[in-house]
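Take a look at the structure below.

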Amino acid sequence: MADRAVDRTISDLPLKTVYEPSDVADLDVKRDLGEPGEFPYTRGIHPHMYRDRLWTMRQFAGFGNARQTNERYHFLLAQGQMGLSVAFDMPTLMGYDSDAPQALGEVGKCGVAIDSVKDMETLFAGIDMGAITTSMTINGPAAIALAQYIVAAENSGIPRAELGGTLQADIFKEYIAQKEWIFPPRPHVRIIVDMMKFCTAEMPKWNTISISGYHIREAGSTAVQELAFTLADGFAYVEAAMAAGMDIDTFAPRLSFFFNAHIDFFEEICKFRAARRIYAHRMRDQYGARDPRSWQLRFHTQTAGASATAQQPENNIVRVAYEALSAVLGGTQSLHTNSMDEVLALPTEKSVEIALRTQQVLAYETNVTNVVDPLGGAYFIEALTSEMERQALEYFRQIEAFGGVIEAIEAGFFQREIADASYRYQRSLETKERIVVGVNAFERDETQDDLNLLKIGRDVELGQARDVQAVRATRDAAAVEDALAGLKRVCRSGENVMPALIDACRAFATEGEIVDAMAEVFGRYVERASF
Amino acid sequence: MRWPKYLDGMSNARHFEGDGLRRPFRIVVAKAGLDGHDRGAKVIARALRDAGMEVIYTGLFQTPEQIVRTAIQEDADGIGLSILSGAHMTLFPLVVQQLEAQGAGDIVFFGGGTIPADDAAELKRLGVREIFTPGAPLADIVAFVQREAGKRRERVG
């Protein structure tokens, strides 16, 4: 009987007992794999990969207020971390100031609260913004966060052209999975294209969009859905920028991707390899990109939060290590390893350190970095890579049948596919068809007493509310009004919004005020509830 | 409706499936605050529906007032609130307060999410009937809702 867990990956892809040459009979090594660093980059985007340069170890961090998170950044940099990655709190991600009624109970909980340029300056105090790279996980208000970052850097004497980093700015996956949107899809896409144009002209070291499958997977998708939906989103941004008159080779080299490293080891490796091959072909053959850098899919990876368990949380250290290994064998450019306690709360300093050490052991002790794409050519790996590619292309056809990504979002297609997959998976745990150690097998009675969890108190919310009110009380009110009026004007006229956003941030307009001004023009998105 | 195999053997479940005399339990599954993590809420909503209950999913970003109003308007037996953003110590107590203020304290109020054990204990002390954390079996949640909603029906008819 075929219906057994050993016959399917965690995403329900079929598996054979053993793979043989006949499983890769269609594979043309030169056409489908190439050499590492050569089209279609199945084996990696660099000829020598980690022999020349390790991946960037970048731990996502943010909690409480800007001062607390700044301390954590100094700690992480001192431990050998190579770049910063900002986690914002929910009100910041949704465009509300810390004293807004909607922010009640959420300030500083899931990340750091940033209301104005003042907070952004505190966040990077004592850190050379010209020397580090910063990744900012923010989408709805991404352009505002970038404007705040630019102004904070300029106030410390660093011109925007020297700033290196990545803005997530992937609004499609918000509607699909993460659900932190502000405006309806079309105005959001216009803002993103404005931001791409601005960065292309003025910030040569800045990566404009990090097209993210991570949250799609966390919302319960399969690996194939993560692969297909993420790439479809990426292609939709490419098409939007081209439709706005941009030459693909001016912006494509600075697009990057962000994937999940889940627990099904080989499936993940194949997902990364398939992603590179699909992307290279489409960028060159369909969109006509001529610069090889436009064909190369670069990506960041984070281990799967959804694979971590609240039960016996120390076991998560082991899961993270396997997941990190799959990301490295899949050729990632940077990596975040989750901390064991993140399923319960924000991670403590101790657990973050173990997560970072996990990467360092992988990089410096295991020697998996010495050979490029060591699994390339294995019958199983190549067969599964091709199967995932085939299934992703089938999803592209379905999305195109809706008319494109926005239309498929509006029809609830992605949301339904993910909810179905997530429920199927949950049921397979209920029936013990799939085993999760400590959850539905090998359980033991336990208390959480021995874990020292990091909790964010109400004092953070009250303090942050006082701070933002102080900013409003001490700035030049007329300058703020002018800046916000100017912003609304460009939102209406169709001029690039970035300069007006920078002006508003310089005048100490708060994030909530800026979003309210833009929402007057663009409106706010409301999702139809379904399950 | 096809009965999910993993729910076999549950005490009173089949009773409701075929019982035409009593209307099925009605449960509001809610998301509050700014928390967009809706995977858990949707899975619970489907599990309760598959167990024969009527489920109203509020969608995202509801206030405690909106959630309680929906439950009263829908004559719901229970409210299940899912929070993964860390705002649980603020939002759960507000729903309890609203239920009491509206004279709807009989509605079975339970929840789940990333909630540390000591917070869960405190929330139960404050009047939340049960807190389910990641890894809780769906069958346990379904059994809890059926038991507590059944008791409520006996009390309020």
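Two residues are in contact if their C-beta atoms, placed from the backbone, lie within 7 Å. Keep that cut-off in mind, and note that this is a predicted model.

Start where the chains meet. Chain B puts 31 residues into the contact, and chain A puts in 35 residues. On chain B, the elements that give two or more residues to this side are α2 (39-50), α4 and α6 (138-156). Of these, α2(B) gives the most, with five residues. By class, the side of chain B that touches chain A has 15 nonpolar, ten polar and six charged residues.

Now follow α4(B), residues 88-101. Its length can be checked. At 1.5 Å a residue, its 14 residues should span 20 Å. The end C-alpha atoms are 20 Å apart, which agrees.

Next, its buried residues. They are B:His88, B:Leu91, B:Phe92, B:Val95, B:Gln98 and B:Leu99. Seen down the helix axis, they fall within an arc of 120 degrees, so they line one face of α4(B). An α-helix has 3.6 residues a turn, so residues three or four places apart point the same way.

What covers the buried residues? In chain B, the cover includes the helices α3 (64-73) and α5 (117-125). The strands β3 (78-83) and β4 (108-113) of chain B are also part of the cover. Turn to the face away from the buried side of α4(B): there sit the exposed residues B:Glu100 and B:Ala101.

Finally, leave the helix. B:Gly103 follows α4(B), and its phi is positive, near 65 degrees.

Technical notes. Residues numbered from 1 in each chain as written. Chains lettered and ligands numbered in written order. Predicted model: local features only at pLDDT ≥ 70, side-chain atom pairs only at ≥ 80, totals over all residues. Helix = DSSP H or I, 4+ residues; strand = E, 2+ residues; numbered from the N terminus. Expected span 1.5 Å × (residues − 1). Buried ≥ 20, exposed ≤ 12 C-beta atoms within 10 Å, placed from the backbone. Arc of directions from axis to C-beta. Nonpolar A, V, L, I, M, F, W, Y, C, P; charged D, E, K, R; others polar.
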